[in-house]
Structure formats: C-alpha cells, structure tokens
Amino acid sequence: GNYNLQSEAVEPDPYIQALNADISTIEDKMEGCLPSDKLNVVFGGISVLMAHILMTNTRHIKQFNDAGSRKMIRNILALQQNLTNIALPEESGLDKARRFYEMYELGADGVLKHIADNGVSFTFEEYRRLIGFIYMGRGQVSDPASGRAANLTEAKLNEEYEAHLRRLSELFSQSQTGMATHGSSTALAPLSARLAPAPARV
C-alpha cells in the first residue's frame, strides 16, 4: 500500500478488503463442516499472526507520513471489525499492532520517553522502523537508515535520527539490565496505561 498520502484515506487498502472477504468466505464454508469448537481451533491466533505481519513487514514500506499512519490504523480497525463479525474468539493481537502505529503521533522524543516511562513493548527493530517513519513524515526523502543524505537539511535530520537510535539502544540496554537484576518476572507497565487508544474511525 501507499503510506505517503496527500489526503486522508476513506477506505482500507484493497488488499485488506480482499483479505477480509477471503476470511469471511472461508469461515462461512467451514462453518457448515466443523463444530464451533473445532472452528475456533482453525482460526485461533489469527489476529496475533496479522499483527506480527503488520509490524515485521514495515521494512517494505519506503515512504510514510501522518496520513499514512492513520490509513494503517484504519486497516487494522477493518481487520478487527471483520474478525468480530465472523464471531471468532476474542483476541488482542491486533490491539498491539494498532498501538504500534498510534505511537507515531508521539514523535521520536515521545516514543523514547514512553519507553523510559513504561518499558519495552516492541522489538528494537520495530522501534527503529517506527522512528524511521517519523523522520520520513518530517519530510526526509530517503530512508534514514540508508545513511544517504540528499542535502544539508537531510544530513541534519540523519544526525538527529542517529542520536535517537543511540538513545533507543541505551534504553534497551537498561531494560535488559533491569530484567537481569530483578528477574524475568518483573512486570512492565502496559502500553495502554500511558497511551490512550485512538477513537474508532468509520
């Protein structure tokens, strides 16, 4: 999909709509063949798989901005609504993906502050890509991870980007040290405690 938009997207991406249609068709056909408990086994964990794909495949997104972030959230809400409509077991997998893209609105400093206040909720690579998206949204032409700058302004943004990544590395090191000191059972404050969900979009 295109996530560098000049205007707000009204509908989810076509591939999201196609996926929703396929899942509904498969569920409808299998409903006539399997009892409900077996159907739940077939579809159980699907939201977790969707969330994993939506976050790990961010490396394939080359341009991103504010409207693109909101479009991705719209995609996630459409997936969640479809899973609710076909009465699959309630799962929170897509909530994690939605919170990931909602964090874009915090800006790079806000993301780092959130980690410092609440602990780590995503992988280092996921946070790195999120910060990269934020810099793309600030007008940087190339992917900041490439290290190539087209002009002096972009070179300055690259320096800021590298500084944010160094701080991200420090926070991850502190998190790992803290877990080693206090034990792996130490609970991190949930992301939802500090980041209110975005209002549902229709």
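In the predicted model, helix α1 and helix α4, which spans residues 66-85, cross at roughly 10 degrees, and their axes come within 10 Å. Because angles under 35 degrees count as roughly parallel, α1 is therefore roughly parallel to α4. On the α1 side, the contact is formed by Y15, I16, L19, N20, I23 and S24, which meet N75, A78, L79 and N82 in α4. By class, the residues of this contact of α1 with α4 comprise six nonpolar, four polar and no charged.

Helix α1, comprising residues 14-31, also packs against helix α2, comprising residues 36-43. The angle between α1 and α2 is about 150 degrees, and their axes lie 10 Å apart. The crossing of α1 with α2 is right-handed. The residues that meet are I23, I26, E27, M30 and E31 from α1 and L39, V42 and F43 from α2. Six nonpolar and two charged residues make up the contact of α1 with α2, with no polar residues. I23 of α1 takes part in the contact with α2 and is also listed in the contact with α4.

A further helix pair is formed by α3 and helix α5, the latter covering residues 93-102. The axes of α3 and α5 are 6 Å apart, and the two helices pack at an angle of about 25 degrees. With a limit of 35 degrees for a roughly parallel arrangement, this angle makes α3 roughly parallel to α5. From α3, the residues S47, V48, M50, A51, L54 and M55 meet G93, L94, K96, A97, F100 and Y101 in α5. The contact of α3 with α5 contains nine nonpolar residues, two polar residues and one charged residue.

Two or more lining residues are given by each of α1, α3 (46-56) and α4. The lining of the second largest pocket divides into eleven nonpolar, three polar and no charged residues.

How values were computed: Residues numbered from 1 in each chain as written. Predicted model: local features only at pLDDT ≥ 70, side-chain atom pairs only at ≥ 80, totals over all residues. Heavy atoms only, no water. Axes fitted to C-alpha atoms, helices over the stretch in contact; angles between N-to-C directions. Helix = DSSP H or I, 4+ residues; strand = E, 2+ residues; numbered from the N terminus. Left-handed = near helix turned anticlockwise from the far one by under 90°. Contact = heavy atoms within 4.5 Å. Nonpolar A, V, L, I, M, F, W, Y, C, P; charged D, E, K, R; others polar. Parallel < 35°, antiparallel > 145°, perpendicular 65-115°, else oblique.
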